[in-house]
Amino acid sequence: MLEFTFSTILGIESSCDDTAAAIIRVNKAGDSQTCSSTIFDQQNLHAPFGGVVPEIAARAHVEKIDQCARAVLEQAKLSLKAVDAVAVTAGPGLIGGVLSGVMFAKGLCAASQLPLVGVNHLAGHALSPRITEPIDFPYLTLLISGGHCQFLIVEGYNKFRRLGGTIDDAPGEAFDKTARILQLPQPGGPSIETAAEAGNPERFPLPRPLLFRDDCNMSFSGLKTAVLHCRERLTGRKKELDSTDQRDLAASFQKAVCDIFTVKSKKALTEFLSLEQYEPFFSVVGGVAANKAVRVALKGVANDFGVRFHAPPFDLCTDNAVMIGYAGGLAFLNGQRDGFDLSAKPRWPLDTLQPHLIGSGRKGAKS
């Protein structure tokens, strides 16, 4: 039996509105031990504006990122000399936040002479099931978050094949916008989930865009607009929704999202299982994977297909530095080293061979 040496990695994450750091030990086989983790969230800073303000987020990252790094070293009872490499999110994300993390990591590595490893934030999510569950490559994952939505075959620590994804809004974005429409607090995902628990999911016949198209692509923009039209019909000249209407709309929206995921996951699993597999595995990752209704729906799909299913613990679904340290650790152990010319990327697709679903501009391909 082969034995693999563990490396100690300091992970840094600052792609959106959470400043995070973690110490994780990883070996080349993918085994890991999380030594410490901390997250400074910015919800109170952004709450008055109804969503994340990029400039405020970037300034908060600058203020907190060194505190995060110190905190996890103290929690793990380690000095920086015990660290083998620094892994940092280099994209995709809000450019000010990504820059904050990359520049901090560069300065730390310059001062300590530690190796620097740039990590794709999406790779962190896609690999996160392996932190708590023994999973062999390849496996199928549905990555659903505030800015991304795609079915990926994870073929290796740095090899991903996209089967499909959203052609417009990401589901997390749709949850946030729908919460604003329903006059619920941000972040929208938890607010809608809480309201939906007491609502009737069958009351409003909301659309399921692209549901019967024979591919793995999804759409959430029209669903969000349909909720807006329902609210306008219900309120008329009133400014606020009745609490019952609010709960029923939230439940109907969440049910529509789950239905889209269910149907498209069946198509993705059918395509995935057409390949030769040793032990088929299906996972859901990203911030929206913390939604209990989504988890139940996707677990049901996996059971129907007779495949193993896993959703990471809630703290590994939302943005965190453990997954960045894990992904960076695997890259480090496989020889990746980045120089001080490492750039911060607002866009950074995992699968560069597939055509872009949403398009590409000066900032690069979105997905």
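Predicted model: local features only at pLDDT ≥ 70, side-chain atom pairs only at ≥ 80, totals over all residues.
Student: Is Asp248 buried or exposed?
Tutor: Let's start with where it sits: Asp248 lies in helix α9, residues 243-273. Buried means under 20% relative accessible area. Asp248 has 8% relative accessibility, so it counts as buried.

Student: Which helices do the buried residues of α7 pack against?
Tutor: Helix α7 spans residues 188-196, and its buried residues are Gly188, Ser191, Ile192, Glu193, Ala195 and Ala196. The partners of these buried residues are α6 (171-181), α9 and α10 (292-305).

Student: How many residues of strand β1 are buried?
Tutor: Take the two faces of the strand in turn. On one side Ser7, Ile9, Gly11 and Glu13 are buried, and on the other Thr8, Leu10 and Ile12 are too. That makes β1, residues 7-13, mostly covered, with the buried count at 7 of 7.

Student: In what sense does β1 pair with β2, and in what sense with β4?
Tutor: Strands of a sheet pair through backbone hydrogen bonds, either parallel or antiparallel. With β2 (residues 18-26) there are 7 bridges, Glu13 has Ala20 as its bridge partner, and the two strands form a hairpin with 4 residues between them. With β4 (residues 85-91) there are 4 bridges, and Gly11 stands opposite Ala87. The pairing with β2 is antiparallel, while that with β4 is parallel.

Student: Which strands stand at the edges of the open sheet of 5 strands?
Tutor: The order is β8-β7-β6-β9-β10, with mixed pairing. Two strands have a single partner strand each, so one side of each is left without a neighbour in the sheet: β8 (159-165) and β10 (308-310).

Student: How many bridges join β6 to β7?
Tutor: These strands, residues 139-144 and 149-156, run antiparallel. One of the paired positions is Ile144 with Cys149 in β7. The bridges joining β6 to β7 number 6.

Student: What angle does α9 make with β6, and what angle does α10 make with β10?
Tutor: Both helices pack on this sheet. Helix α9 touches β6, β7, β8 and β9 (281-285), whereas α10 touches β6, β9 and β10. The direction of α9 makes about 150 degrees with that of β6, and for α10 with β10 the angle is about 165 degrees.

Note on methods:
Residues numbered from 1 in each chain as written. Heavy atoms only, no water. Buried < 20%, exposed > 50% of the residue type's maximum accessible area, 1.4 Å probe, protein only. Contact = heavy atoms within 4.5 Å. Pairing = 2+ DSSP bridges. Axes fitted to C-alpha atoms, helices over the stretch in contact; angles between N-to-C directions.
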